[in-house]
Amino acid sequence: MIKGTPMLTGTVEIEGNTWEVTEEKRAGPQKQLFSLVLAESPHSRMHVRPLPGQAVSTLDEVAALAADPAVRWFADSEGVEWEARLVVRSEPNSADVLLVKFISEQFAVHEGPYPFRDGLGARTDADLRGLLEQTQ
């Protein structure tokens, strides 16, 4: 933590969901990391960061970043926690394909097409559970 710098905390609304925001300050080129937890579901979490060299100073800026988090966690219908990440599959002479990768400590990694135009932050847990089920 970098001393003497105020931490940004509060709540943001994303697609009708209220997320609790906490900031962590670090050394290095990406000095800020924001953890967001869905108020009514502690399994629903995500991490967002500004680009290297950029700083975020308002909750509105956090909300804008949160539309496309680096990592998003959620629980499936059995209560198993999964990590979701967007990845791009690139192949020569083909268009890039956006995929969602699901990772759990208890099960194998699953991967499938990501059919939405917006990022993981705009998805509900139900959306993510549906995508996970399609990949199993």
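Visitor: How much space lies in the largest pocket?

Guide: In this predicted model, about 160 Å³ of space lies in the largest pocket.

Visitor: Which residues line the largest pocket?

Guide: The lining is made of Trp73, Val80, Glu81, Trp82, Glu83, Ile103, Ser104, Glu105 and Gln106. Strand β6 (residues 81–89) provides the largest share of this lining, three residues.

Visitor: What makes up the lining of the largest pocket by class?

Guide: The lining has four nonpolar, two polar and three charged residues. Glutamate counts as charged, and Glu81, Glu83 and Glu105 are among the lining residues.

Visitor: Which residues have the most contacts inside the largest nonpolar core?

Guide: They are Ile14, Trp19, Phe34, Leu36 and Val62, in a core of 13 residues. At least two residues of this core come from each of β1 (10–14), β2 (17–25), β3 (32–38), β4 (41–48) and α1 (59–66). Strand β3 gives the most, with three residues. There is also a second, separate core of eleven residues, which includes Trp82, Val100, Leu120 and Leu128.

Visitor: Why is Trp19 called buried?

Guide: The limit for a buried residue is under 20% relative accessible area. Trp19 has a relative accessible area of 0%, and therefore it is buried. Trp19 lies in strand β2. Leaving aside neighbours within four places in sequence, its contacts include Ile14, Leu36, Met46 and Arg72. The C-alpha atoms of Trp19 and Ala39 are separated by 5.6 Å, with the two residues 20 apart along the chain.

Visitor: Why does Val48 count as buried?

Guide: The relative accessible area of Val48 is 2%, and the limit is under 20%, so Val48 is buried. Its place is in strand β4. Not counting residues up to four places away in sequence, Val48 touches Leu33, Phe34, Leu36, Val62, Leu65, Ala66 and Pro69. The C-alpha atoms of Val48 and Val12, 36 residues apart along the chain, are separated by 13 Å.

Visitor: With which residues is Val62 in contact, leaving aside its neighbours within four places in sequence?

Guide: Val62 is in contact with Leu8, Val21, Phe34, Leu36, Val48 and Val56.

Visitor: Why does Ser41 count as buried?

Guide: Ser41 has 19% relative accessibility. Buried means under 20%, so Ser41 counts as buried. Ser41 is found in strand β4, and its C-alpha atom is separated by 43 Å from that of Asn93, 52 residues apart along the chain.

Visitor: Why does Glu15 count as exposed?

Guide: Exposed means over 50% relative accessible area. Glu15 is at 59% relative accessibility, and therefore counts as exposed. This residue is found in the loop between β1 and β2.

Visitor: What phi does Glu15 have?

Guide: Glu15 has a positive phi of about 50°, although it is not a glycine. Most residues other than glycine have a negative phi.

Visitor: How many salt bridges are found in the whole structure?

Guide: A search of the whole structure finds seven salt bridges.

Visitor: What makes Asp125 and Arg72 a salt bridge?

Guide: A salt bridge requires a side-chain nitrogen of Lys or Arg within 4 Å of a carboxyl oxygen of Asp or Glu. For Asp125 and Arg72 the N to O distance is 2.6 Å, so the pair is a salt bridge. The pair links distant parts of the chain, with Asp125 in helix α2 (residues 125–135) and Arg72 in strand β5 (residues 71–75), 53 residues apart. Asp125 counts as buried because its relative accessibility is 12%, and Arg72 counts as buried because its relative accessibility is 0%.

Visitor: How far apart are the closest N and O atoms of Glu23 and Lys25?

Guide: They are 3.1 Å apart, and Glu23 forms a salt bridge with Lys25. Both Glu23 and Lys25 are buried.

Visitor: Why does Asp118 count as partly exposed?

Guide: Asp118 is at 31% relative accessibility, so it counts as partly exposed. The side chain of Asp118 meets that of Arg123 in a salt bridge (2.3 Å, N to O). Arg123 is buried, with a relative accessible area of 11%. Asp118, Arg123 and Asp127 are linked in a network of salt bridges.

Technical notes: Residues numbered from 1 in each chain as written. Predicted model: local features only at pLDDT ≥ 70, side-chain atom pairs only at ≥ 80, totals over all residues. Heavy atoms only, no water. Core = buried A, V, L, I, M, F, W, Y, C linked by side-chain atoms within 4.5 Å. Buried < 20%, exposed > 50% of the residue type's maximum accessible area, 1.4 Å probe, protein only. Helix = DSSP H or I, 4+ residues; strand = E, 2+ residues; numbered from the N terminus. Contact = heavy atoms within 4.5 Å. 1 Å grid on protein atoms, 1.4 Å probe; cavity = no way out; pocket = protein on both sides within 12 Å on 5 of 7 lines; lining within 4 Å. Points joined across faces, edges and corners; volume = space filled by probe spheres on them.
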